[in-house]
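I opened the notebook to look up a few things in one structure. I start with strands, then go on to helices and charged pairs.

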Amino acid sequence: MPSTREVVIDYDEVNYREETQKFFRDLPHFVKEYIIALLPIASWIHRYNLMWLVRDLIAGVTVGIVVVPQSMGYAKIAELPAEYGLYTAFVGLCVYCLFATSKDISIGPTAVMSLLVGQSVTHVTAQHPEITAQEIAVAFSLICGSIAMFIGVVRLGIIVDFIPGPAIAGFMTGSAITITIGQCPKLFGIPGINTQDSPYLIFGNFFKYLPDTRVDVAFGLVGLFFLYGTRFLCNYYSKKYPKYAMPLFFVSIMRNGVVVIFGTLIAFLINIGKETSPISILKTVPPGFQAMAVPSIGATTISSIAGSLPSGVIILILEHVAIAKSFGRINDYTINADQEIIAIGFTNIWAAFFGAYPSTGSFSRTAIKARSGVKTPIAGIFSGLVVVLALYALTPAFYYIPDAILAAVVIHAVADLVSGPSYVKRLAAVSWWELLVFVVAVVVTFFSTVDYGIYGSLGLSIVVLLFRIARPRLWALGRVPLTKTNDDDVAASSDEKTGANTTELDQQQQFQEFLYVPVNHPSLGRLVEKLPRGVLMFRIDESMTYPNSGFVADKIISYCKEQTRRGGKVLSKGERAWNDDANPKIEAARASLPKMHALLLDFSAVNRLDSSGLQAIVDMQNTLNRYAGHHVEFHFINLSNNPSIRRALIIAGFGTQPRVLLEDDEQSSSDASGSGSNHHSHHHHHQVSTGPVEVLPIVPNSKDGPHHQRQQALEASLRRQEDLESNYISQRSEVIDKKHHDDYEIEQVSIHLPKDKYPFFHWSADAAVRVAMHTYDTDRIDGHEDQNDDSSNDDQSRASVEKDNNDEEQQQPRH
């Protein structure tokens, strides 16, 4: 016979004193790690080498060539002069490397942030003409940066996790559509359209004034065609000729600079000898950093932009962290979200002293930087040097840059922000709620402003999240047999040994393994079998906390009452309570249903159980006890995921469930205490009813009193459960050994699933059902005694029904 190993699991109690002492003992180490983490550059700068320098130089210069025309175009969206875009790009590119945990991210002006700043400038200057656009931009950068810095320092980066992907994609798509529509008048050279209106107004006015199109449209459409054509051809030939992929990539990213250079050259030639330009051009860009100063922000400015600050902080943090995480996954490295928030916060605080407006991570430039083979964040410094070169050496050439060309560059850059049909189709297939969040973000942004789009999508996302928490899914479970009993073998063995048929069949059924699935499972529903009579099982797919505990308890109680019959004495109409809506006729018709014996709760998905959830479980057991007329056992499965839940259940008494026995349990208690663990089959086990309610202290000196008897009954029940587990392991080992004996001669060692110290906590659903079956007093509840009890109850029920019917007939009016 193979040997068996039984593992009994218990959990150490939490010693809060030791935990506190350990925390203060390790506090200096934590502080040291925290300070070192504030400047990640110190952990890798000593490994910097020449090969890294070359790759960073190439990537930095490449991004610098792209960022110069984009920055000037984005500054126009922010309702600021073009040079402010260059100021913003320079500070972000140079400062970020000190705090970076991502090598790929490129900080600078972005389309969405520029749109928000431009809308704020338009709104504030309309109400307060004395406040300049530059003051608003600097205030926005300083305050948003300070808030982001605080969030990162106190490690509150977790707030990013509360913003779902569909909300991000929605307002990014809405912003891209808004920017594209806003740039169309400049692309066509149509004057007199306020590009800071809501997108639908700009869209309507664009077609209204389309006859006023000027020669700028030639620059805009040709430039747009060149940008898309170059990208398409480079991508096409990169796939066709992979060995030329890298040269073609650099040709592709040069398209922005090429179109600006050729557009500026043609515009210069057109303007030779003319006092007024026939097209709209950029005109004077002051060289150097002309706006450097200590920020001076008044109370009026702060109050004016206060409504847009939350959305500004969200965009700063969200864009940056989302892009950094995305490229970290692509290039196999991990970023620190809190440190990235500190980096973006410090960058914008420092940018305010250069007169810059808020900057954050740019997806398009980050992608270019990653494809260029960047090795470290120092590449940003080389990009910043390109911006400085443009500010000091190329500003005279910027004078003739056509606005239509800048509009084409902006439209081409933001087009990649739009989520395509494949993304929308996937959202619809996964969740209609997430699709609704996406649509709300796009629609609200299109018909109002980007900050309202952010607030609308986030508000809806929070509502959906709270609804899912408050109304979790829970499933009544059945089981699908994974092993099949061999009735032929059992019948053959019964011919050789009298009485072996029933015993061996019981053993084989006991050794069956099951898959536990919802009773209405879409695929396995037709194979699902019910659990043993009087035993029900539920799986809860959410933590049980104060928003949802009442809902979960009500659903479970309602289902249990539907699947079982009322126990105890059947009350007559006059004896029933005012709030008891039980109908004697219906109760009599439900007499064939079993009484409730045990409720099994699968807690594998329950990660938290607060006091409200614990109280709901206690109340649920009280209600089911009254309904069943005797104690209903509560068994819990898969509590190993969270010891705190297990500890809370033990505190409430669910581990051993000691309680005052109901009247109809007294006899079984006496039998149990007298019989101990002697039994012949599981059909003759007497159950000890226990529970977490109505707990009375055990009186030690009352040896012959009811408390002593109940304590003995409880101990006897627990001993029987341990014996059953041991017998199961032994018998299971014999079956395994017999099954494999003919195949090979080795010593079989059966290692059973670990057992919890408390008999009502289980590691598997099979173990829980097995224990619930063995502690089930079938003779008393569904056996001979129950039949006698039922016959008397049925007589009482019929008499009560007849009496109620007579009363109703007497009360009916005669016609």
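Which residue of β7 does L474 stand opposite? I looked it up, and L474 faces I540 in β7.

**Entry 1: what I am looking at**

I note that the model is predicted, so local features need pLDDT of at least 70 and side-chain atom pairs count only at pLDDT 80 or more, while totals for chains, interfaces and linings use all residues. Residues are numbered from 1 along each chain as its sequence is written, and side-chain values use heavy atoms, with hydrogens and water left out.

I looked up the elements and found 31 helices and 12 strands in the protein chain. Both are DSSP runs numbered from the N terminus: helices are H or I with at least four residues, strands are E with at least two.

I also looked up burial. The protein chain has 815 residues, and 48% of them count as buried. Buried means under 20% relative accessible area, exposed means over 50%, and partly exposed is in between (1.4 Å probe, protein chains only).

I then checked contacts, where contact means heavy atoms within 4.5 Å. Among contacts between residues at least 6 apart in sequence, 84% join residues at least 24 apart.

**Entry 2: the sheet**

I wrote down a general point before the details. Strands of a sheet pair through backbone hydrogen bonds, either parallel or antiparallel. Here two strands count as paired if DSSP finds at least two bridges between them.

I traced an open sheet of six strands, in the order β6-β5-β7-β8-β9-β12, with mixed pairing. Its edge strands are β6 (514–518) and β12 (761–762), each of which pairs on one side only.

I followed β5 (residues 474–481) next. Five bridges pair β5 with β6 in the antiparallel sense. In that pairing V480 stands opposite L515, and L477 has P518 of β6 as its bridge partner. β5 also runs antiparallel to β7 (residues 535–540), to which three bridges join it. I checked how covered β5 is: six of its eight residues are buried, so I put it down as mostly covered.

In which sense do β8 and β9 pair, parallel or antiparallel? β8 and β9 pair in the parallel sense, over five bridges. One pair I found there is L601 with its bridge partner F636 in β9.

I looked at β9 by itself. Five of the five residues of β9 are buried, so the strand is largely enclosed by the rest of the structure. E633, H635 and I637 point one way from β9, F634 and F636 point the other way, and all are buried.

I picked helix α12 (residues 309–330) and helix α20 (residues 450–470), whose axes come within 9 Å and cross at roughly 75 degrees. Axes are lines fitted to C-alpha atoms, for helices over the stretch in contact, and angles run from 0 to 180 degrees between N-to-C directions. α12 and α20 are therefore roughly perpendicular to each other, a label for angles of 65 to 115 degrees.

Which residues of α12 meet α20? I listed P310, S311, I314 and I315 in α12, which meet D451, I454, Y455 and L458 in α20. The residues of this contact divide into six nonpolar, one polar and one charged. Nonpolar covers Ala, Val, Leu, Ile, Met, Phe, Trp, Tyr, Cys and Pro; charged covers Asp, Glu, Lys and Arg; the others, Gly among them, are polar.

**Entry 3: salt bridges**

I used this rule: a salt bridge is a side-chain nitrogen of Lys or Arg within 4 Å of a carboxyl oxygen of Asp or Glu. The count comes to five salt bridges, and I looked at some of them.

K22 and D26 meet in a salt bridge at 3.1 Å, N to O. They are four residues apart in helix α1 (residues 16–37), so about one helical turn separates them. K22 is partly exposed at 42% relative accessibility, and D26 is partly exposed at 22%.

K325 and D161 meet in another, at 3.8 Å, N to O. This pair links distant parts of the chain, 164 residues apart: K325 is in helix α12 and D161 in the loop between α5 (133–153) and α6 (165–188). K325 is partly exposed at 31%, whereas D161 is exposed at 56%.

R231 forms a salt bridge with D416, with the closest N and O atoms 3.3 Å apart. R231 lies in helix α8 (residues 216–240) and D416 in the loop between α17 (403–414) and α18 (421–430), so the pair ties together parts that are 185 residues apart in sequence.

Notes: Parallel < 35°, antiparallel > 145°, perpendicular 65-115°, else oblique.
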